[in-house]
Amino acid sequence: MTEAGDDSEAARTTGRETVQTAGGETGQEAAGVAVQDSAAEQSLSLEDGAGMESLAGRDAESAPGAGAESDAGINAGAGRSEITLVMVGDILLHTPVAESGKREDGSYDFGAVFAEMQDEITSADLALVNQEVILGGEELGVSGYPAFNAPYELGDALVDAGFDVVLHATNHALDKGKRGIVNCLTFWQEKYPHIAVLGIHGSEEEQEEIYVYEQDGIRLAVLNYTYGTNGIALPQDMPWAVDLLDRDRVAEELQRAQELADFVIVCPHWGTEYVLEETAEQETWAAFFAENGADLILGTHPHVIEPVEWVGAAEGSEDGRGALTYYSLGNFVNWTSGTGEGVANRMVGGMARVTIGMDEAGEAVITSYGVEPLVCHVEQGYGGVTVYPLDEYTEELAGRNEIVSQDGQFSLSYCRKLAGEVFGSLWLP
């Protein structure tokens, strides 16, 4: 991720299996799968607080390009197994965001960033987050653009907020070189071994693993890739350090993921920054993912929200649905130093909400999906950066958001208009 003037930001089928149970215990078995159980389902509805109702979700039956399954087939129904999944976009630790988490004694606490979203995150069975910047710790120097590095306390906050899967394959993964990768992996492995960390690896064996989440007999595989690392070469002795978008490797891993799981999710770091529509390259990659068996695509990197659509069905697909694609969930948290038109767009993000269930044929399918628009609120001082659901954001808060001084277009009505234009029928103000 680069920004004009500021920040731009799995084992072989015969390999290991890391099993994570609801109790957090882990073990090794054959098959190359990481498995986890989690919490209960939550449905989504939005009301923007100004008398305008929002449709923040949709039954998969009504989806563009959906197949002709019966109501009983596509809607899993009461008593059937389902997994609720949420994902948010980029965690960007610009300098003022880092400063907002610094206590008087010099320690860090980023709890305020996630406080307004924690209940929704923890209520999902599986919660994913795109951790844009490496967690290299204070020993490498906490820094913002252009070479980001976060203190470990940001990782603590992600876990406290309820995230289960942390995606690290971003263009900033190598901002602190090999040491940043090693420090980050050591932090996660030693302090939170139950958290799934995808996209970066400490060994070739780890890179070959495919993460699979299992709940109530449904298995979801999750893959994470980035288009590049801002021109920083992979360490010579760690060519497996970061998962890159390579067609041969992606196709091979999608094939293995289908063998290991009932449903395959790809989380690509792709696209062009600050563009509110998907690019031709994103469309090409999305079609490639779908053709090779992906069921759900959750994109990051552009730092603004982009549309949600169904991408062509894989050859031989019986449901005709293909892959549900969220081209970009935008930023979850950021405080760019940029100024002028377009900066306001970076303050609006999205939380993808998807429910996966089994149809009458015993196939894992998307039974409902939606998106919840979010707003990043920024004020100076400890605890001054907080992310709100758009439906809970107020005129009073918008007036205090210091991003107004950087882009005078920012307002509550601007955020609503943007969300409506990009997300369309998934969020109707």
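Asp216 is found in the loop between strand 11 (210-215) and strand 12, where helices (H or I, at least four residues) and strands (E, at least two) are DSSP runs numbered from the N terminus. The model is a predicted one, in which local features need pLDDT of at least 70 and side-chain atom pairs count only at pLDDT 80 or more, while totals for chains, interfaces and linings use all residues. Residues are numbered from 1 along each chain as its sequence is written, and side-chain values use heavy atoms, with hydrogens and water left out.

With a relative accessible area of 53%, Asp216 is exposed; here buried means under 20% relative accessible area, exposed over 50%, and partly exposed in between (1.4 Å probe, protein chains only). A positive phi is also found at His303, near 70°, again in a residue other than glycine. His303 lies in the loop between strand 14 (296-298) and strand 15 (308-311), and is buried, with a relative accessible area of 1%. Another backbone feature is the cis peptide bond that joins Tyr145 and Pro146, with omega of about 5°. Pro146 has its place in the loop between strand 8 (126-130) and helix 5.

The loop between strand 12 (218-226) and helix 8 (247-260) holds Asp237, and Ala233 lies in the loop between strand 12 and helix 8 as well. Asp237 is partly exposed, at 44% relative accessible area, whereas Ala233 is exposed, at 60%. For Asp237, the C-alpha atom is separated by 9.7 Å from that of Ser203, a residue 34 residues apart from it along the chain.

Turning to charged side chains, the structure holds 13 salt bridges, each defined as a side-chain nitrogen of Lys or Arg within 4 Å of a carboxyl oxygen of Asp or Glu. Side chains of opposite charge can pair when their charged atoms come close. One of the salt bridges brings together the side chains of Glu120 and Arg353, at 3.4 Å from N to O. This pair links distant parts of the chain, since Glu120 sits in helix 4 (residues 118-123) and Arg353 in strand 18 (residues 348-358), 233 residues apart. Both Glu120 and Arg353 are buried.

A salt bridge also forms between Lys191 and Asp156, whose closest N and O atoms are 3.1 Å apart. Because Lys191 lies in helix 6 (residues 177-191) and Asp156 in helix 5 (residues 152-161), the pair ties together parts that are 35 residues apart in sequence. Lys191 is partly exposed, with 45% relative accessible area, while Asp156 counts as buried at 16%. Elsewhere, the side chains of Glu214 and Arg219 meet in a salt bridge with an N to O distance of 3.0 Å. Glu214 is partly exposed at 24% relative accessible area, and Arg219 is likewise partly exposed at 22%. A network of salt bridges links Glu208, Arg249, Glu252, Glu253 and Arg256.

The two helices tied by Lys191 and Asp156 also pack against each other. Helix 5 and helix 6 do so at an angle of about 45°, with their axes 11 Å apart; axes are lines fitted to C-alpha atoms, for helices over the stretch in contact, and angles run from 0 to 180 degrees between N-to-C directions. Helix 5 and helix 6 are therefore oblique to each other (angles under 35 degrees count as roughly parallel, over 145 as roughly antiparallel, 65 to 115 as roughly perpendicular and the rest as oblique). In this packing, Tyr152, Gly155, Asp156, Leu158 and Val159 of helix 5 meet Asn183, Phe187, Trp188 and Lys191 of helix 6, contact meaning heavy atoms within 4.5 Å. By class, the contact of helix 5 with helix 6 has five nonpolar, two polar and two charged residues (Ala, Val, Leu, Ile, Met, Phe, Trp, Tyr, Cys and Pro count as nonpolar, Asp, Glu, Lys and Arg as charged, and the others, Gly among them, as polar).

Helix 8 and helix 9 (residues 280-291) pack at about 35°, with axes 10 Å apart. Arg247, Val250, Ala251 and Leu254 of helix 8 make this contact with Thr284, Trp285, Phe288 and Phe289 of helix 9. Here the classes are six nonpolar, one polar and one charged.
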